[in-house]
Amino acid sequence: MLKIVGSFVLGIVFTGVLGWNMMGGMMFHEHLSPFGVEETVARIQHNIEAAGNGWSLSGLRNPAAAVKADGGNALPVMMVEACSTKYSGPILNEDSVRFLSILMPCKISVYKKNDGKTYIGAMNAGLLGPMFGPLVGDIMSKVAADQAKFIIMDPSKPTPQIIYPKAAGGGGGGGGGGSGC
Amino acid sequence: MRITHILLAALAGLSLAAGASEPPAAAPAAPAAAAAPAAPAKMLSSTADHSKFKELQQSFKSGPEVTKACLSCHTEAAKQIHKTKHWTWEWVNPENNQKLGKKNVINNFCTATASNEKFCSSCHVGYGMENAKTFDYTSETNVDCLVCHDTTGAYKKLPGLAGHPTYKDIEFPPGSGKIAKAVDLPKIAQAVGKTSRDTCGACHFFGGGGDAVKHGDLDSSLKKPAKYLDVHMDAKGLNFSCATCHATQGHNIPGSRYTPTGKAEDAAHMRGKENKGNPASCQSCHGSAPHKAKERLNSHTDKIACQTCHVPQFARAQPTKMTWDWSTAGKLTPDGKRMKIPDASGHHDKYDSIKGNFTYESDVVPEYAWLNGKVKYTLLGDPVNTQGVTKINEYGGSPTDGQSRIWPLKVFRGKQPYDLETKSLLVPHTAVGYGEKDDSGFWANYKWDAALKAGAAAAGQPFSGKFDFVSTEMSWPITHMVAPKADALTCTQCHAKNGRLASIKGVYMPRRDANGMLDIIGWLLAAATLAGVLIHGGLRTYLGRKG
């Protein structure tokens with residue numbers, strides 16, 4: 001009996017440790033971009049604008065600029081923020097999951113690493129969503145499908161230009177308003 | 001569910017932290033317009049107020065007239081200048097007798113000066129250089145004192161005027177409708193002083209045809225840099241001028257890319273003690289054991305240049321040009337006009353009819369190589385590699401020669417014309433002198449044949465009439481834009497399988513060169529040792545209790 005309980009506990013501990021170690025990697029995904037930071041950002045922005053489903057750009061942040069302004073150095077990081085009221089509306093209207101507003105707007109991060117290459121990082125909406133029940137799960141699965149379209153880098157398309165946010169106002173999260181998220 | 005909440009709380013925390021500190025990515029905000037208190041009158045650091053000199057109280061009509069006045073006191077200045085590369089545009093490399101200098105080298109930016117001198121000589125310290133072969137290098141009054149010693153910022157030498165500033169108001173660029181004002185020579189001459197980041201930068205920040213184009217670690221952001229960009233030149237801190245490190249003797253300025261110091265001597269330079277080493281090296285001030293708190297780092301200084309760790313990226317304030325493809329130049333709009341296509345940032349062109357395609361990049365992670373200070377150039381007449389990449393310059397260096405350190409480099413890649421028969425690089429005649437009509441200039445007529453023929457004739461090179469474009473690369477050692485020490489590379493940025501120095505050969509680097517099997521054996525040995533100690537200790541305890 002002791003052996004069975006012991007093995008069971010050991011199994012739980014092992015699974016827990018394994019899950020804990022893998023969780024970070026599963027919650028987010030990272031892709032290599034064939035383009036530089038600016039061009040990757042511009043292509044994502046234009047993909048978002050072309051995605052339909054109510055998606056619009058709600059900001060563009062540059063956390064590395066804040067580090068530089070503070071006297072330090074950081075490799076380039078730019079965060080594209082996008083929102084779709086079609087998806088955010090139902091979540092914001094449901095008290096039990098309204099706290100998920102902290103994940104809004106949807107962010108896609110574009111950054112350079114020490115290998116000099118540009119990467120795209122995003123939240124794994126498809127995995128996170130079902131943890132919060134069927135409403136959020138359903139919405140987040142659609143978000144995940146759209147997100148996959150945002151990061152398609154098609155070299156046959158001409159280089160678009162970055163869309164710099166207009167002066168902050170409304171609900172743009174400090175990076176320029178427009179989407180209402 | 002609890003894990004999910006913890007995760008969300010962490011995400012929210014991260015999100016809040018980021019949102020609280022970072023500005024939006026919009027254009028940089030203007031500095032606060034707080035009312036500044038009236039600045040106290042500044043005392044001249046120089047012992048001479050040039051505005052009081054009668055020699056300079058003249059209505060100068062030309063640059064040479066100003067120089068004549070300067071030389072009436074500074075009698076040896078022009079003679080000193082005449083011996084420098086800044087004047088001769090020529091230097092013979094004693095290692096291999098290659099004739100270098102702007103008169104002889106070819107690069108993969110605007111390529112070369114031959115046939116383009118009237119344009120290029122806006123960055124020559126002389127007046128009237130229309131042709132580098134026929135220019136009077138013995139003339140003292142042709143030395144341009146003001147280009148280095150102007151303190152007003154008003155002295156401008158426009159391209160196309162053969163090294164002269166403009167002496168009358170002119171439309172510049174021609175046809176633009178913009179007026180370039182004549183320089184006020186008396187005012188500028190009476191305000192001369194020491195060289196500054198502005199004066200050196202007027203040429204060196206704009207090399208290759210524009211701001212931040214050529215060097216990667218030198219651009220106009222260094223006129224007034226913040227600490228993050230360069231700890232030495234930090235305008236609110238140490239505020240070094242270029243000459244603080246490039247300490248000049250008799251107008252000869254040390255620290256050239258033709259003669260880089262791969263491995264500087266160990267000891268810091270001392271006042272009063274003769275030292276023939278390069279004063280523009282890190283070691284000349286810091287020595288080779290500068291890490292007081294982290295002694296272990298000093299064991300790296302024998303193999304690694306200071307810049308490798310302390311210039312983690314270059315072009316940190318604005319993008320630098322990284323590639324240039326001349327082969328696509330000459331495409332015009334349907335109505336036959338020059339066209340420009342902006343890149344993704346909207347701040348630079350990715351295509352310009354007169355130059356071809358470019359790419360720009362900011363915060364560039366350098367490439368790394370062993371460098372011992374020796375350099376070999378591919379010059380006009382030298383064969384190119386038509387099957388691969390032609391190296392415009394190649395720095396020597398190896399882990400075993402005792403003269404090398406690992407250096408960070410900007411490697412600039414491009415495509416440029418070469419002769420299909422002679423298999424050597426060609427110089428296109430691009431720029432035309434101000435107000436001149438010249439059908440052979442590529443920037444005027446977009447005809448490669450005529451441009452290459454004129455360029456070859458000016459350079460004294462044969463041209464078969466058949467040409468193509470060859471891939472080239474050119475290396476630029478990175479040495480400016482020294483970051484604060486907190487931003488130096490960390491151990492794991494190099495000591496990793498795919499770290500910064502992954503391509504460096506000939507030196508063992510822990511972790512990068514780790515052997516998986518050896519590691520397993522090591523860990524097993526460590527585990528066996530631990531097990532042995534525990535078993536031994538346990539047995540002794542057990543047996544001790546047992547009596």
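Select chain A of this predicted model. Chain A has six helices and five strands, and along the sequence they follow the pattern α-β-α-β-α-β-α-β-β-α-α. Its C-alpha trace spans about 65 × 45 × 40 Å along the principal axes. Colour the chain by burial: of the 181 residues in chain A, 39% are buried.

**Stop 1: helix 6 of chain A**

Select residues 134-150 of chain A, which form helix 6. With 17 residues at 1.5 Å a residue, this helix should span 24 Å, and its end C-alpha atoms are 24 Å apart, so the two values agree. Next, show side chains for Val136(A), Ile139(A), Met140(A), Val143(A), Asp146(A), Gln147(A) and Phe150(A), the buried residues of helix 6. Turn the view to look down the axis of helix 6: these buried residues fall within an arc of 120°, so they line one face of the helix.

**Stop 2: helix 4 against helix 6**

Keep helix 4 and helix 6 of chain A and hide the rest. Two packed helices are described by the angle between their axes and the distance between the axes. Here the angle is about 165° and the axes of helix 4 and helix 6 of chain A are 10 Å apart. That angle is over 145°, so helix 4 of chain A counts as roughly antiparallel to helix 6 of chain A. The contact involves Tyr87(A), Pro90(A) and Ile91(A) on helix 4 of chain A, and Leu135(A), Val136(A), Ile139(A), Lys142(A) and Val143(A) on helix 6 of chain A. Of these, Val136(A), Ile139(A) and Val143(A) were among the buried residues shown at the previous stop. Helix 4 of chain A passes helix 6 of chain A in a left-handed crossing.

**Stop 3: a cis bond in chain A**

Go to the loop between helix 4 and strand 4 of chain A, where Pro105(A) is placed. The peptide bond from Met104(A) to Pro105(A) is cis, with omega near -5°.

**Stop 4: helix 2 of chain B**

Switch to chain B and select residues 63-71, which form helix 2. The buried residues in helix 2 of chain B are Gly63(B), Val66(B), Thr67(B), Ala69(B) and Cys70(B). Looking down the axis of helix 2 of chain B, they fall within an arc of 160°, so they line one face of the helix.

**Stop 5: backbone details in chain B**

In the loop between strand 3 (170-171) and strand 4 (179-180) of chain B, select Pro173(B). The peptide bond from Phe172(B) to Pro173(B) is cis, with omega near -10°.

Move to His251(B), in the loop between helix 9 (242-245) and helix 10 (283-286) of chain B. His251(B) is not a glycine, yet has a positive phi of about 65°. Is His251(B) buried or partly exposed? With 19 other C-beta atoms within 10 Å, His251(B) is partly exposed.

Finish at Lys423(B), found in the loop between strand 13 (405-419) and helix 13 (442-445) of chain B. Lys423(B) has a positive phi of about 55°, although it is not a glycine. Lys423(B) is partly exposed, with 15 other C-beta atoms within 10 Å.

Definitions and conventions:
Residues numbered from 1 in each chain as written. Chains lettered and ligands numbered in written order. Predicted model: local features only at pLDDT ≥ 70, side-chain atom pairs only at ≥ 80, totals over all residues. Helix = DSSP H or I, 4+ residues; strand = E, 2+ residues; numbered from the N terminus. Expected span 1.5 Å × (residues − 1). Buried ≥ 20, exposed ≤ 12 C-beta atoms within 10 Å, placed from the backbone. Arc of directions from axis to C-beta. Axes fitted to C-alpha atoms, helices over the stretch in contact; angles between N-to-C directions. Parallel < 35°, antiparallel > 145°, perpendicular 65-115°, else oblique. Left-handed = near helix turned anticlockwise from the far one by under 90°. Contact = placed C-beta atoms within 7 Å.
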